[in-house]
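Visitor: Please take a close look at one part of this structure, and then at what lies elsewhere along the chain.

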Amino acid sequence: MRSYDMMILGPSTWDENIDYTGQVVRDVGGAVTFCTPAARAAGARVFAAVKIAPEDRDILSRIPGDPEDAALLPSARTTLMRNEYFTADRERRNSSCPAQSDPITPEEVPPVPCKLYHLAGLLYGDFPNALLESLHAKGLLSADAQGFLRHNEGGKMVFHDWADKGKYLPYLDFLKTDAAEAEILTGLSDRRAAAKQLYDWGAKEILISHNSEMLVYDGRDFYTCPVKARNLSGRTGRGDTTFGAYLAMRVTGAGIPEALRYATACVSLKMETPGIFRGTRADVEAYIREFYL
């Protein structure tokens, strides 16, 4: 049986993205869809556990990699997302969800050896508490806060604080939020103050994404790296690409500064082209030499 550095679990989606000019693009989306190729490009051995309806299994072929390194976790429906962006930088958007996939249960997790499990969620309900408890007992655990804050209320996307954060933040070896999600969790608009609060509540390493920079806090030091994308045509999937690359670097032995620089360069390069990251580690390293050294 193959062993892996990390398993990325979550729902893939059918996305309808409408930019500020009214142009409509339909594509496969979801945090697992963006995280996985970025992590694989960084050199990690990645297993993708994807929650979708069996009739949509073609989605798996849209995630680059060996088919043996992925599994379809069956759902009655595939999540459908609609994102309407109001500005060119895609920082302001309205999201709706006509359909949500079923939760991932502990019994569904593929029995393959791995060091780290990443919960690449989209909506509250994707991951029941029992799954966090089960995976925490198996290895390192990571999560995107989005999957615990964003609720689907009759198709409308509404953010609420995570009621169980006091119990489950200490389970997380890595936590990713964006600036708005960090404020929802902590009530603090200052990103450094929010990261410190999340650490004090138990999360061990926190990455907060922002359109200007990525920030990491490990309880001792703050690390930042500027985003240097030359255009934002591929803004969708920014945080997921960043965190996929970051986790891959960390789980394969990189220190925080190296991992953060690599991940920020990776997402800067990715944002210049719509869709998932399709480059290589060599591409990212060339980008680092050009823009970060």
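Guide: Glycine 166 belongs to helix α4, which spans residues 165–168; helices here are DSSP runs of H or I with at least four residues, strands are runs of E with at least two, and both are numbered from the N terminus. The model is predicted, so local features need pLDDT of at least 70 and side-chain atom pairs count only at pLDDT 80 or more, while totals for chains, interfaces and linings use all residues. Residues are numbered from 1 along each chain as its sequence is written, and side-chain values use heavy atoms, with hydrogens and water left out.

Glycine 166 is exposed, at a relative accessible area of 58%; exposed means over 50%, buried under 20%, and partly exposed in between, with a 1.4 Å probe and protein chains only.

Among the buried residues are Phe34, Cys35 and Arg40. Glycine 43 follows α1 and has a positive phi, near 110 degrees.

The structure holds 0 disulfides, a disulfide being a pair of cysteine sulfur atoms within 2.5 Å. For cysteine 97, the closest cysteine sulfur is in cysteine 35, 18 Å away and too far for a bond. Cysteine 266 is likewise in no disulfide, its nearest cysteine sulfur, in cysteine 35, being 11 Å away. Cysteine 97 counts as buried at 1% relative accessibility, and cysteine 266 counts as buried at 0%.
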